[in-house]
Amino acid sequence: MGFKCGIVGLPNVGKSTIFNALTNASAEVASFPFSTIKPNIGIVPVPDERLKVLEKLLNPKKVTPTFLKFVDIAGLVKGASLGEGLGNEFLSHIREMDVIAHVVCCFESQEIPHIYGHPDPERDVEIVNLELILSDLQLVSRRLQKISKLTKASPKKELREEEELLNELEKWLSEGKRAKEYLEAKNAKLPKDLPLITAKPYFYIANISEKNHLLEKLLKVAAKENVPVVKVFGKLELELQEFPLEEREVLRKELGMETSLYEVVKVGYKLLELVTFFTTAHEDLRAWTIKKGTKAPEAAGKIHSDMQRGFIKVEVISFDDLVKAGSEKRARELGLVRSEGKEYEVKDGDILYFRFSA
């Protein structure tokens, strides 16, 4: 799995339209609030042009990309954390996501009424972000109550340290600040079973029809928060889905558009510091996603735990070197395939041949 992305935003900002554009799915798209009752879930292959190049060079029997998972929940409204609307009911579905995509409406439309009368990116972002913070605050407060009871019964150092962390975090969230900022400032880590949404990396998706003052307002908000913005022509993306794939790509080039999925992938991989490596075992060309800095044995474990336990060495050739050589055989003749040990950090684009004892 490449990464898991949760999609949030106000009702009627085009979340389901964006979801459909990203996944080629057919989630209901309607011009009334809360049209998404059950979370929409889509799993799509990660677009990577290198796979196409490697397929031509290596002629494998099978090509397997890595995948992304998208979860689109009901729109959040002011008071969602207190039971208003439907969104808070589904926040549990995105607590296990790796990154959060916040969709913001950056266009005026009489056909699609805005839940607060008219779009205002600054206000709309603040509403959703606050509801996410309040939802996390509830989770932290409940956890703190349990831990406080346990610390009274047990003097364990781990419990006291967690109680101290939760007390500080509760105060931080109460001031309307995201958990991520606290954790970075304190160089602290959350307990693994406390999945706070505002502790996750996030970015904005601007749903636009054209460049305008609303987009500029969102860009200013994002710049202040130091987070990326992916611009998506939601309505146009939806219309393109009606064309066959090849025609769609021709139209994109004519319009000078990158696919929304490709843009989201680039941002997500950068935020999460992910890299891709490739394997060709059993004539199956396959892409794998790992964190930047992952060492060879752990990368092998991504494929199978036995490979990590019995790791001996890994043969490595970079994507660029293989392309220059023109074939694996020629790459070996040129000495471009090197042997690396347990301390080797896998690089983006590496093609790996693991050697291990069963």
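Helices (H or I, at least four residues) and strands (E, at least two) are DSSP runs, numbered from the N terminus. With that in hand, welcome to a predicted model, in which local features need pLDDT of at least 70, side-chain atom pairs count only at pLDDT 80 or more, and totals for chains, interfaces and linings use all residues. Residues are numbered from 1 along each chain as its sequence is written, and side-chain values use heavy atoms, with hydrogens and water left out.

**The cavity**

- On a 1 Å grid over the protein atoms alone, a cavity is a set of points where a 1.4 Å probe fits but cannot get out, while a pocket is an open set with protein on both sides within 12 Å along at least five of seven lines; lining residues have an atom within 4 Å of a point.
- Searching the whole structure turns up 1 cavity of 30 Å³ or more.
- The largest cavity has a volume of about 30 Å³, where volume is the space filled by probe spheres set on the points, and points are joined across faces, edges and corners.
- Strand β5 (99–105) and helix α3 (121–153) each supply at least two lining residues to the largest cavity, and β5 has the largest share, 4 residues.
- Its lining includes G9, H102, D124 and V128.
- By class, this lining has 6 nonpolar, 2 polar and 1 charged residues; Ala, Val, Leu, Ile, Met, Phe, Trp, Tyr, Cys and Pro count as nonpolar, Asp, Glu, Lys and Arg as charged, and the others, Gly among them, as polar.

**A closer look at H102**

- H102 is found in strand β5.
- H102 counts as buried because its relative accessibility is 3%; buried means under 20% relative accessible area, exposed over 50% and partly exposed in between (1.4 Å probe, protein chains only).
- Leaving aside neighbours within four places in sequence, the contacts of H102 include D124, V128, F203 and Y204, contact meaning heavy atoms within 4.5 Å.

**The largest pocket**

- The largest pocket has a volume of about 880 Å³.
- Its lining comprises 27 residues, with P47, E49, K52, E249 and T259 nearest its centre.
- Elements giving two or more residues to this lining include α1 (15–23), β2 (40–45) and α2 (49–58), while α8 gives the most, with 5 residues.
- The lining of the largest pocket divides into 13 nonpolar, 5 polar and 9 charged residues.
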